[in-house]
Structures are given as C-alpha cells and as structure tokens.
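Colleague: Could you take me on a close look at a single part of this model? I would enjoy one connected account of a strand and its surroundings.

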Amino acid sequence: MRKHIVFLARWYPHRYDPMFGLFVQRHAEAAALYNDVSVIYVHADENVKEKYEIERSTANNVSTIKVYYRKPRLKTFSLIRFFNANKLALKQLKKPDLIHVHVLTRCGVVALWQKIINGTPYIITEHWSRYLPGNDFGGFLRKMMTKFVVKNASTVTTVTGNLAKAMQNHGLKNNNYVVLPNVVDVNLFKPIEKRNSKVKIIHVSCFEDKSKNISGLIDALALLESRNVEYQCVFIGEGIDFEAMKGYAATKLNPLNIKFTGLLQGQALANEMASGDFLVLSSNYENMPVVILEALACGLPVVSTNVGGISEMIDENCGILVPAKDTEKLADAMQTMISNLNYDINSLRNKILDKYSYEAVGKFLNEIY
C-alpha cells in the first residue's frame, strides 16, 4: 500500500537557484515511484510583499509547497516565521504517514513537534558535511537540539558511511543509521561517442574555492603544462568565486587548454560531461558529490582528492585518489590518467545502474518507509 510521505527539505531547488538541493528533489522523485510524496520547502525572502507567499506545483508525481516568508531583521523572529511557514504548509496537506527530514536541524525540530502532537514518525536524511573534521558544527543549543532530534528519529540515513561516523562522533546517537544512495538519472547521464583531439578533463563544481579548491586544480594544470602534457579542461558551474577563478586561470594557463562554460543543467550538462575523458575533483572537503556518480554513469573514470566518503565509491578500478591540498600529486594523477585511459566504460556505468538509479533508490526508500 502506498504511504503519504512528507519531505521537510532545508535544501531544495527554488525561484532563485534551480540547482540548490537538487539531490533532495531526486530523492523525492525516486520515493514517488512507490509512495505519494509531498515536499515542503521554506525560504526567507526580502522581496516578498506579504508575510508569507505560497507556491504550489506538481511535477514527476511530486507535490511541492514552497513558502517564501518576508525576512525580518532579528534572527529570532526569522526562526519563528520559518516554523510558522512550515505549519502553514502542513495544514494544506492530508496527515502524513511519515515525515522525511532532509538536512538538520530546523526541519528536524518541525518533525519532532509533529511526532509529539500527532504521533507522526519521522526519519532523517543528512547531506551536510558540517559534521566532518575541519567544519563548523558548534553552539551548545544547536548541538543539544540536534542530539534530541536525532535520538527521536525512527531512522537516520546519510549518503556515506563516513558522514554517519562523523555525526556519531558528535554524539548524535541513533540505533538505526543507514547509508542511502544518491540518485542518478541514468537515462540522462550515459556514454556517448567522442572525438577529442586532446584528452578532455571535466570539472564540475559550485565554484566556492574554500571547499572545492579550484585554485589548487588550476595550479596542478599549470604543472601539467610545465611538463608539456597536452590536455583540455572544461570547467562547468558557477558560484561566488567563478570570476576570481576564471581570472586566476587566465594568469596561469594557456587559454587554448581551458574552457569555462558557466552553469549547465539537464541535457546540456549530461552532453558536456559525457564528451569528456575523465572527471577531476580537487576538493578540500566533501561528502559524496553527485557529480562523481554522474561521471561514472557516463563511463568516465575519476581523479579526486580522498576526502569525505569519496573512497567508498572510487577505487583503482574506476579512478585515482590523492591527498587533499597536494598540488603535485593531483598533477601526477591527472598525468597518469591521461597516459592510461584504459577503463571499461560498461563496468563504470554498471556501478551506478545497480544502486543509484531512480528505481533502485525508490525501492530502497520504500523498504525504509
């Protein structure tokens, strides 16, 4: 029997950013294959005229309510409006059989309250890398409330085992931690025939240099040029450091070897990625980037820094891992990949088909529900 599942999503695509929390939307669409799914997303907005502005839509069998609330000056009032906005949205839905929280802590507090007053059970999926070493998960009140929310969840899922351990190291205890795969659209991301005159390297990120270390990747590419290694690197994405990184690349690299596409979505992203020969990520910290899974679905091996849960997916059969912040080893790995592109495309893709398709993740979620 199909259940009514309500997603309370802290991250979700919205009117100002169609890519924000896209992986949460994919989880909702996967879950909707086997259950009735409604999504609630609340967003502070300085531009709305009314105190609360509600948008409703349905796509891919997922019913979505987005509530934009006028952002007050004081943070305390902003929190009150956030909770009231969720309350308004919940009133428009039939009673859920289960609440599925995506990203703590605020949405978890809403779910905990629904459990207390209505007896509705909830589960949590955490995507945030803030629990990993070197990141900021602090504040007595935040930690105390997060512990209470996690303890009272029926299940806690994370997209890597590494993130689950990091959460537990912060005292976030629950007897039922489960690793939940991210979703890849395997009908969109698939191998294509390519005719590259040089080995084509693909990099996809949100262009935030502190975490993604794009400047380190540019330095590693400069090392390749000093070694007379031929390549072409395509930088896909946009973000706060996009112009700065584009300018930095112009001072370090041959402009004939690089291309900045800006933000690509859907078929355009899939086509550009599949046209490459391998993916490179140079992040200082990560959880499990969906772009790695999409690259494998396209038949691309991966060169990446060994951070977060990436080693749970990438081994010698599908790529090369290097230490974070080691420019020379990153350059060495890319040079090795350029010289030895002998990975089996079907084998790379099958890693994704078996576990990360909409159908596979939908069935996995249905078992949890």
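**A strand and its partners**

Modeller: In β6, I124 is the bridge partner of V101. Strands here are DSSP runs of E with at least two residues, helices are runs of H or I with at least four, and both are numbered from the N terminus. This is a predicted model, where local features need pLDDT of at least 70, side-chain atom pairs count only at pLDDT 80 or more, and totals for chains, interfaces and linings use all residues. Residues are numbered from 1 along each chain as its sequence is written, and side-chain values use heavy atoms, leaving out hydrogens and water.

Strand β5 (residues 98–102) runs parallel to β6, joined to it by 4 bridges; two strands pair if DSSP finds at least two bridges between them. From β5 the chain passes through helix α3 (residues 106–118) to β6, in a right-handed β-α-β crossover (clockwise from the first strand over the helix to the second, with the strands pointing away from the viewer).

β6 also pairs with strand β7 (residues 155–158), again parallel and over 4 bridges. There, V156 stands opposite I124. Helix α4 (residues 140–151) carries the chain from β6 to β7, and this β-α-β crossover is right-handed.

How enclosed is β6? Strand β6 (residues 122–126) is largely enclosed by the rest of the structure, because 5 of its 5 residues are buried. Buried means under 20% relative accessible area, with exposed over 50% and partly exposed in between (1.4 Å probe, protein chains only). Y122, I124 and E126 cover one side, with I123 and T125 on the other, and all are buried.
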